[in-house]
Amino acid sequence: MEYMEKVTVVAREGEEHTVEEHNLLSVAYKNVIAACRASCRIVSIEQKEGRGNHDHVVSHDLSNIRGHRARIESELNSIYGTILRLLDAHLIPVAAVDSKVFYLNMNREYYRNLAEFKTGSKYQAVTIEISIVTARYSPVSSDTRLY
């Protein structure tokens, strides 16, 4: 987390990152997010198993599972919000073309991951945001291949 905070400060100063720096940023966020996503999946499985088998899981346990899932989702929302704001406000606008493509791919991946655990109107809100971001950066993506 310390590295991510340092990168945030550098990005706010408007400096272009080296290839190594933006790779480190990507890996740092992926590592933090991977742990939360894995926890979210495990809790989802526990929640589904608890709904189907009420003999072994009391309602108190289901309540604890729901509370834990809400905390994990809140943490994921915070992490995704931080990196998406950093990308949109500081990294993408000042990036050279190759870096911009890299950051746009990060942006797309994080929105996709964010939508992964949303349901109903929250899922729709994320998909609308994805459409807006895609439209905003379409001139870059039409000139440059996004992987």
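**Cysteines and aromatic rings**

Trainee: How many disulfides does the count come to?
Mentor: The count comes to 0 disulfides, a disulfide being a pair of cysteine sulfur atoms within 2.5 Å. Cys-36 is in none, and its nearest cysteine sulfur, in Cys-40, sits 8.8 Å away. That is too far for a bond. Keep in mind this is a predicted model, where local features need pLDDT of at least 70, side-chain atom pairs count only at pLDDT 80 or more, and totals for chains, interfaces and linings use all residues. Residues are numbered from 1 along each chain as its sequence is written, and side-chain values use heavy atoms, with hydrogens and water left out.

Trainee: Is Cys-36 buried or exposed?
Mentor: Cys-36 counts as buried because its relative accessibility is 7%; buried means under 20% relative accessible area, exposed over 50%, partly exposed in between (1.4 Å probe, protein chains only). Cys-40 is buried too, at 6%.

Trainee: Switching to rings, how many aromatic pairs are there?
Mentor: There are 2 aromatic pairs. Rings of Phe, Tyr and Trp (its six-membered ring) pair if their centres lie within 6.5 Å; planes under 30 degrees apart are stacked, over 60 edge-to-face, the rest tilted. Tyr-80 and Tyr-110 make a tilted pair, 5.9 Å centre to centre with 50 degrees between the planes.

Trainee: And are Tyr-80 and Tyr-110 buried or exposed?
Mentor: Both are buried.

Trainee: What about Phe-102 and Tyr-103?
Mentor: Those two pair edge-to-face, 5.9 Å centre to centre and 70 degrees between the planes. Phe-102 is partly exposed at 22%, while Tyr-103 is buried at 1%.
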